[in-house]
Amino acid sequence: MVNTRKIKKLKLGYKTKYGFSDKTKNFIEFSKGLRRGIVRRISDIKTEPDWMKERRLAAYEIFNKMPMPQWGADLADIDFQNIKYYVKSTDRKPRNWNEVPRNIKDTFERLGIPQAERKYLAGTASQYDSEVIYHKLKDKWTKLGIIFSDTDSGLKNHSEIFKQYFGTVIPSTDNKFAALNTAVWSGGSFIYVPKGLKVAIPLQAYFRINARNMGQFERTLIIADEGSEVHYIEGCLPAGELVSKGHKFVNIESIKPSEEVISEKGEFSRVKSTMVRPYRGNMITIIPQSKGNSFQITTEHPILCIKRDKVKTKRKLRNGWKSEVLTEKLNDATPEYVKADEVEVGDFITYVTPTAVKDRAHLSEDILKLLGVYLAEGSVSFNKSLNLKNLCFSFGKKESEEIFALETKSLIDKLGEKSSVCRTKGGYYVVTSYSKKLIDLCLKHCGKGATTKLLSKDIMTLPPEKQKFLLDNYIKGDGNVYVKRPYFSKMVRSSTASRLLAYQIQEILARLGVFANIAIRKGGKDIILGRKIVRKNQFIVEYTDNKKFSEVRKKDNLFFVPIKEIRKEDYDGFVFNLDVKSPDSYLVKGFAVHNCTAPTYTTDSLHAAVVEIIVKKNARVRYTTIQNWSNNVYNLVTKRAIAHENAVMEWVDCNLGSKVTMKYPSVYLVQPRAHGEVLSIAMAGKGQHQDAGAKMIHSAKNTTSIINSKSICFDGGRTSYRGLMKIHKGAKNSKSQVTCDALILDNKSRTDTYPYNEIDEKKVTLGHEASVSKVSEAQRFYLMSRGISEEEANAMILSGFIEPIAKELPMEYAIELNALIQMSMEGSVG
Amino acid sequence: MLEISDLQVEIEGKKILDDIFLEIKPGEIHVLMGPNGSGKSTLAKALMGHPDIGVKRGKIILDGEDITKSPPDERAKKGLFLAFQYPVEVPGVNLANFLRIARNSLLPKEKRIPVFKFRELLRKKLAFLDLEENFMERNLNEGFSGGEKKKTEILQLLVLTPKYAILDETDSGLDIDSLKTVFESFNKILKNEKKMGVLIITHYKKIFDYIKPDFVHVLKNGVICENGKMDIVKKIEKQGYR
């Protein structure tokens, strides 16, 4: 803990400082706990119609009256008065397409998005925002009559249909948590698919980007009209920060378990799991001296930091100035993890330089020099008349540029390839080459497109002295150098439209022992000579050689960088965390932060969602969920569907993580020949209880249902299957098949089956199979006798166990699920 | 050379094998015979390193390296293979994937075979054993007939090409036709792998229609009571194991 008095004292100096500031956005904040007034206020802020407000208030009363469920998992620790029920959601900024994870891009590819986007995907069109694509898709759907929005907008824009169905499948009286959700719901999805329309692609892609409709009390309503078909995938990938994989930064949510990221030591470390939890509260933006490295983080997330008050001089504070720092003290200081909301302006956060080095002989000095030129001035395009790709370096008009152009040609000569230099009508120098070898080399190691150029892993891990060849030529092209008096310090600046490249240049400079700042020059619309243009954001990497005074200090491969500004804003949504193997840390925009497994994460969160689905005659709906919650989340979700005549409803439900899950997706088969299916996987490790199952209610003739549940428990975890099979009188010729398999990995863990059958009709067919198995020694020995390691053998047996359900998932999800299961299991079997 | 020297083996404190000496040189075919319950399968498991089997005395040495205490996967990496008497079902594990992972685990990192290339290779191996191509799409032993299981063992032997192979009652539970196909396949492999050392465990003599061993050993009550050549088989034919 930080001495608050000291901080208060320190803060005195903030006000009129130079460059430092403390900003907190004003926002509406409700106090904790639930009262009638708060429910009313939620509805007012959302400007909802009266019927919804009344519905909420009625639900609030029901919630108050209903007792906590006395069966199933232990919920005694939930403190309803310690939860914030509403915070005003701030708009998340639209994201840059470059930052969209690969799998989403692939999804778009498969969606067959219009030509313009396709071009964009190929990197040839100008900047397109992911939001644009999302809107395009939305337009396409709107034309077909599909309504697909977040639930709040659904209520606003389609109130008729909304009112007709909302709460009809799951009334507030159903259970305490459904009542709570009805009282305070916010976010979720609203989908209406019109008659006869078959939506071929799963409706998940859009949600993966548009994260704003997910939250703690989300409410989803899906209506599939007669003869329609839709597959909805509930993914929860909030837009996260950029995390270092060593050679490049990637979005945190795109990282899969078992991948490697860079830790506080600058070395590779394996990701054990990736977790999500609902989060309501302050989101802190840390803005270091290098503003381009600003990042967002939740209040309790620990950051590797040196507090300024630990390293300051004894000198009296000058009014309005930060306390001065004693270099010796700073050099001796060991950075410690400090919770984000205890980090203050002026403190030093830790930029970590990745240390992996692997020389590659084929990347010679000349090749690296040429790649440097390409990075700054080069492009690859397709010459249609020649049917050939060409490599083109464009230079300016000045004499120095002519020299650079000639140098470039001679570099190409030295590499034994052909090229030509010419001067355009405008007087610009251009070097062109058709060498396939060079083109491949440039594309492989530098990518293409001004906003998407990115250095390869091979380049990023070269010894720094070799990287310098590339860097020098890059700066010669894209940069400029000023010599400043009176100390003749040399300021070097380079500018790129590729954000990720800017971070790479910063990293190479760090490897060379120099900390460079990144500044962002905002792009935007502009008119030049009557032509409308869109300027791209420019990322400016700058540093000063032989600087007399520097606020950034270096120690081994670390740089301690002062924080210039801290902003706080409100956040309501999901947040993403990585659990990285020892040393339990990863780099966000270059700065070390701790794993989410830090002991400071003690507050439990509640996720109480409601999903209602109406499947009309001959329609078909599949609802897929893969969730990996942090182990402090109570996941209490009510999911129910009504299936009409000849309709098919399928729930595919994978529950990993969480502290407690209680979830029983159900299907009410209310008309003849309706079919319901629940395929589920539950997994519980240390301190976790998964109480999951299914309900099938047959109340019409010839209805059929299948329940297939698989559960895995290990390391003291507990799984329970709880299922209800109800067949009403008159539901003749109904058929149902229940299979539940449990896998126990050790003697500490526990699994139970609670099947409830209420059968009021004689002419029915019912099957129930339950099995409990251990990972058998025989299987393990068999696999190991073929050379497979124990760890891998266990993994194989597990994957095999869940395979019947995993194969129902789209490929990328199946892979993700497998990776998640493998990693959380690591070291806990046998 | 696979060398078993003065081996004494226990399961749950009960002595099963004692005083076992065996030397299998590359290219040699040994047959170990013995009545039910004599400890034949225990020897196979002990050689492969089953965790339930305790080696109380003696050593197992593979090409000069002591593997007595090595886990099964390391033994496999050093070139040992066991065809199981009762191959285990591993539900949901695709045979082709399993074989690729197993094959690759025996190879150094840079020599590992990528998915598509491996499938090509596997197709050839399946054809070599007259197995249907879609065989590789099935799950490992899941729902296989007895014959299919044994054929899969031979397929694994072919794909993994060990230096020393132990066949634990591969002939048991097979009808005459299956026996023929399985051992004809095995002989085809041996023709290509002339340096493979083989230990065949059996208690039927039918196998000698297909296999001409260099040495025959008889195991009784946990002890090898006779070493010799085909003449021993003739003796047993007349007198039984006695």
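Reader: Which strand of chain A does Val615(A) lie in?

Author: Val615(A) belongs to strand β29 of chain A, which covers residues 610-615; please keep in mind throughout that this is a predicted model.

Reader: Is Val615(A) buried or exposed, and why?

Author: Val615(A) counts as buried because 31 other C-beta atoms lie within 10 Å, and the cut-off for that label is 20 or more.

Reader: What does Val615(A) touch, leaving out residues up to four places away in sequence?

Author: With those set aside, Val615(A) is in contact with Ala224(A), Val621(A), Ala641(A), Ile642(A), Ala643(A), His644(A), Ala647(A) and Met649(A).

Reader: And how far apart in space are Val615(A) and Glu229(A)?

Author: From C-alpha to C-alpha they are 9.2 Å apart, although 386 residues separate Val615(A) from Glu229(A) in sequence.

Reader: Let me step back to the whole chain. How many helices and strands does chain A have, and what share of its residues is buried?

Author: Chain A has 21 helices and 41 strands, and buried residues make up 48% of its 830 residues. Taking the contacts in chain A between residues at least 6 apart in sequence, 77% of them join residues at least 24 apart.

Reader: How many residues are in contact where chain B meets chain A?

Author: On the chain B side there are 21 residues, and these are in contact with 20 residues of chain A. Three helices of chain B, namely α2 (72-77), α3 (95-105) and α5 (146-160), each supply at least two residues of the side that touches chain A.

Reader: Which element gives the most to that side of chain B, and how do its residues divide by type?

Author: The most comes from α2(B), with four residues. By type, the residues on the side of chain B that touches chain A divide into 15 nonpolar, four polar and two charged.

Reader: Back to chain A, then. Which residues of helix α15 are buried?

Author: In α15(A), which runs over residues 436-446, the buried residues are Leu438(A), Ile439(A), Leu441(A), Cys442(A), His445(A) and Cys446(A). Viewed down the axis of α15(A), these buried residues fall within an arc of 165°, so they line one face of the helix.

Reader: What does the face of α15(A) turned away from its buried side carry?

Author: That face carries the exposed residues Lys436(A), Lys437(A) and Lys444(A).

Reader: Which elements do the buried residues of α15(A) pack against?

Author: They pack against α13 (365-377), β14 (378-383), β15 (388-394), α14 (399-414), β17 (429-433) and α16 (457-460), which are elements of chain A. Just after the helix, Gly447(A) takes a positive phi of about 70°.

Reader: You mentioned α13(A). At what angle do α13(A) and α17 pack?

Author: α13(A) and α17(A), the latter made of residues 464-478, pack at an angle of about 30° with their axes 7 Å apart. That angle makes α13(A) roughly parallel to α17(A), and the crossing of α13(A) and α17(A) is right-handed. The contact includes Leu368(A), Leu371(A) and Leu375(A) of α13(A), and Phe469(A), Leu470(A) and Tyr474(A) of α17(A) among others. Its residues divide into nine nonpolar, three polar and six charged.

Reader: One more pair: how do α19(A) and α20(A) pack?

Author: Helix α19 (residues 777-784) and helix α20 (residues 790-806) of chain A pack at an angle of about 120°, with their axes 9 Å apart, which makes α19(A) oblique to α20(A). α19(A) passes α20(A) in a right-handed crossing. Gln779(A), Arg780(A), Leu783(A) and Met784(A) of α19(A) make the contact with Glu790(A), Ala793(A), Asn794(A), Met796(A) and Ile797(A) of α20(A). These residues divide into five nonpolar, two polar and two charged.

Notes
Residues numbered from 1 in each chain as written. Chains lettered and ligands numbered in written order. Predicted model: local features only at pLDDT ≥ 70, side-chain atom pairs only at ≥ 80, totals over all residues. Buried ≥ 20, exposed ≤ 12 C-beta atoms within 10 Å, placed from the backbone. Arc of directions from axis to C-beta. Contact = placed C-beta atoms within 7 Å. Nonpolar A, V, L, I, M, F, W, Y, C, P; charged D, E, K, R; others polar. Axes fitted to C-alpha atoms, helices over the stretch in contact; angles between N-to-C directions. Parallel < 35°, antiparallel > 145°, perpendicular 65-115°, else oblique. Left-handed = near helix turned anticlockwise from the far one by under 90°.
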